[in-house]
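Hi everyone, thanks for making time today. I'd like to walk you through one structure, so please have a look at it on the screen.

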Amino acid sequence: MTVRNQTVLISGASIAGPALAYWLDHYGFRVTVVERAPELRRGGQAVDFTGATHHEVLRRMGILEQVYAHRTGTTDIEFVDDDNRRLALMSGDFTGGDVEILRGDLARIMYEKTGGDCEYRFGDTITALTEDADGVLVEFEHAAPRRFDLVFGADGIHSRTRRLAFGPEREFVRHLGHYYCVAGASPWLDRPEGEPQRVLAQSYNAPGRAAISGGPKAQQTYIFAAPELDYDRDDLDAQRRIVARTFAGMGGPVPGMLAELDGFDDFYLDSIAKVRRMGSYTRGRIALVGDAGYGNTLGGFGTGLAIVGAYILAGELAVAGGEYTTAFARYDEIMLGYTKLADSSNAGRFFAPKTALGIRFRNWFLGSKGMDLMVRMAAKSKNIELVDYPALALK
């Protein structure tokens with residue numbers, strides 16, 4: 001079977017991009033991946049997979065055993081007061097899913113799976129997209145312009161591809177009223193070999209603020225309520241000052257945590273935000289996959305949605321023989337249904353309630369049967385019946 005529209009460009013080499021690259025290469029497309037970072041990032045936040053659907057996609061990619069071999073341990077989060085007395089406990093079995101792995105480890109596994117057959121261009125980014133009847137002319141920050149049949153944005157919630165093809169970020173991304181900061185390398189980055197351990201992190205709350213010491217994301221995690229902030233995303237010193245100013249005056253270990261901020265090379269601050277429910281993840285010859293199309297920061301769905309979305313998008317293109325209008329319509333139909341529940345979560349309100357009453361209710365809820373119900377609903381929502389795409393146009 002002949003595949004049309006064979007040359008494809010993927011923007012982003014974190015999770016969604018390499019997953020899509022694997023499947024498109026598998027079906028005979030010629031794949032180029034462009035990534036703004038100069039190289040694959042080591043470590044990063046922990047991401048997780050839950051349920052039969054996620055496991056099956058990883059199995060079909062041939063990386064399930066590698067994911068389990070590089071899994072982190074389990075981190076329970078203990079909510080305590082200034083005197084270190086436990087108020088509530090959130091099990092790491094909920095926050096870490098069935099299997100948790102550092103984002104950098106997962107990206108490396110998928111890169112090694114695809115790097116030999118797909119072209120990767122690090123240290124560059126898309127600056128313009130011009131579509132016509134025959135394809136898309138892509139301009140880059142550094143490389144010469146090139147023409148591709150199809151372009152895919154897998155470049156995160158602040159997607160440049162989405163901005164260039166669909167419109168300004170403000171039209172698609174909604175601030176959810178909180179920010180988060182991760183500082184210090186993940187405690188699992190240089191973990192000892194052997195059976196993953198179970199560790200305990202501690203979260204300290206004041207209205208609208210949560211400081212987590214030793215969490216699964218990094219050595220320190222800060223979550224705080226705030227309107228949209230105007231700051232330079234490249235000025236880390238200014239961002240550190242925002243965190244220090246916001247958490248000044250909190251008790252317990254927080255002053256000691258803040259004193260360590262300047263010593264961390266690993267530092268990241270961003271809003272807790274979500275991509276507004278889009279009527280379509282595709283426009284012309286361009287499609288969005290992963291957080292670029294259906295991101296919700298810290299919502300617990302992103303990585304799983306990314307690998308499932310990549311599987312479906314590539315599979316539909318294969319079934320359609322590369323005829324993108326048919327494939328994109330089916331991709332939209334399937335993913336718009338699958339992403340409904342992910343659209344409703346808000347981690348900021350959970351971790352950093354804005355009132356003392358909200359904090360007490362959250363602590364009560366963690367010990368109630370409602371928490372068990374939420375865990376079951378979340379797990380169920382991540383399972384869909386996967387299409388068994390036939391082995392068409394395989395390399």
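Let's begin with a pair of helices: at roughly what angle do the axes of helix H1 and helix H10 cross? Before I answer, please keep in mind that this is a predicted model. The axes of H1, residues 16–26, and H10 cross at roughly 30° and come within 8 Å. An angle under 35 degrees counts as roughly parallel, so H1 is roughly parallel to H10. The crossing of H1 and H10 is right-handed. On the H1 side, the contact is made by Ala16, Ala19, Leu20, Trp23 and Leu24. H10 brings Ala306, Ile307, Ala310, Tyr311, Leu313, Ala314 and Leu317 to that contact.

Now stay with H10, residues 302–319, and look at helix H11, residues 324–338. Their axes come within 8 Å and cross at roughly 150°. With over 145 degrees counting as roughly antiparallel, H10 and H11 are therefore roughly antiparallel to each other. The crossing of H10 and H11 is right-handed.

Six strands make an open sheet with mixed pairing, in the order E7-E2-E1-E11-E18-E17. Which strands stand at the edges? Those are E7 (119–122) and E17 (282–283), and each has a single partner strand, so one side of each is left without a neighbour in the sheet.

Let's zoom in on strand E11, residues 150–153. Strand E1, residues 7–11, runs parallel to E11, and four bridges join the two. Valine 8 has leucine 150 as its bridge partner in E11, and isoleucine 10 stands opposite phenylalanine 152. E11 also pairs with strand E18, residues 286–288, in the parallel sense over three bridges. There, valine 151 has isoleucine 286 as its bridge partner.

Where do the side chains go? In a regular strand, they alternate between the two faces of the sheet. In E11, Leu150 and Phe152 point one way, Val151 and Gly153 point the other way, and all are buried.

Next, a residue in strand E12, residues 173–183: valine 182. Is valine 182 buried or exposed? Its relative accessibility is 8%, so valine 182 counts as buried. Leaving out residues up to four places away in sequence, valine 182 touches Gln45, Lys217, Ala218, Gln220, Thr221, Asp266, Phe267 and Tyr268. Between valine 182 and phenylalanine 264 there are 82 residues in sequence, but 10.0 Å in space, C-alpha to C-alpha.

For those of you who think about cysteines: how many disulfides does a search of the whole structure find? The search finds zero. Cysteine 118 counts as buried at 6% relative accessibility, and cysteine 181 is buried with a relative accessible area of 0%.

One last stop, at a backbone angle. Most residues other than glycine have a negative phi. Asparagine 84, however, has a phi near 70°, a positive value. Asparagine 84 is placed in the loop between strand E4 (74–80) and strand E5 (86–90). At 44% relative accessibility, asparagine 84 counts as partly exposed.

That's my tour, and I'm happy to go back to any part of it.

Notes. Residues are numbered from 1 along each chain as its sequence is written. This is a predicted model: local features need pLDDT of at least 70, side-chain atom pairs count only at pLDDT 80 or more; totals for chains, interfaces and linings use all residues. Side-chain values use heavy atoms; hydrogens and water are left out. Two strands pair if DSSP finds at least two bridges between them. Buried means under 20% relative accessible area, exposed over 50%, partly exposed in between (1.4 Å probe, protein chains only). A disulfide is a pair of cysteine sulfur atoms within 2.5 Å. Axes are lines fitted to C-alpha atoms, for helices over the stretch in contact, and angles run from 0 to 180 degrees between N-to-C directions. Angles under 35 degrees count as roughly parallel, over 145 as roughly antiparallel, 65 to 115 as roughly perpendicular and the rest as oblique. A crossing is left-handed if the near helix is turned anticlockwise from the far one by less than a right angle, and right-handed if clockwise. Contact means heavy atoms within 4.5 Å.
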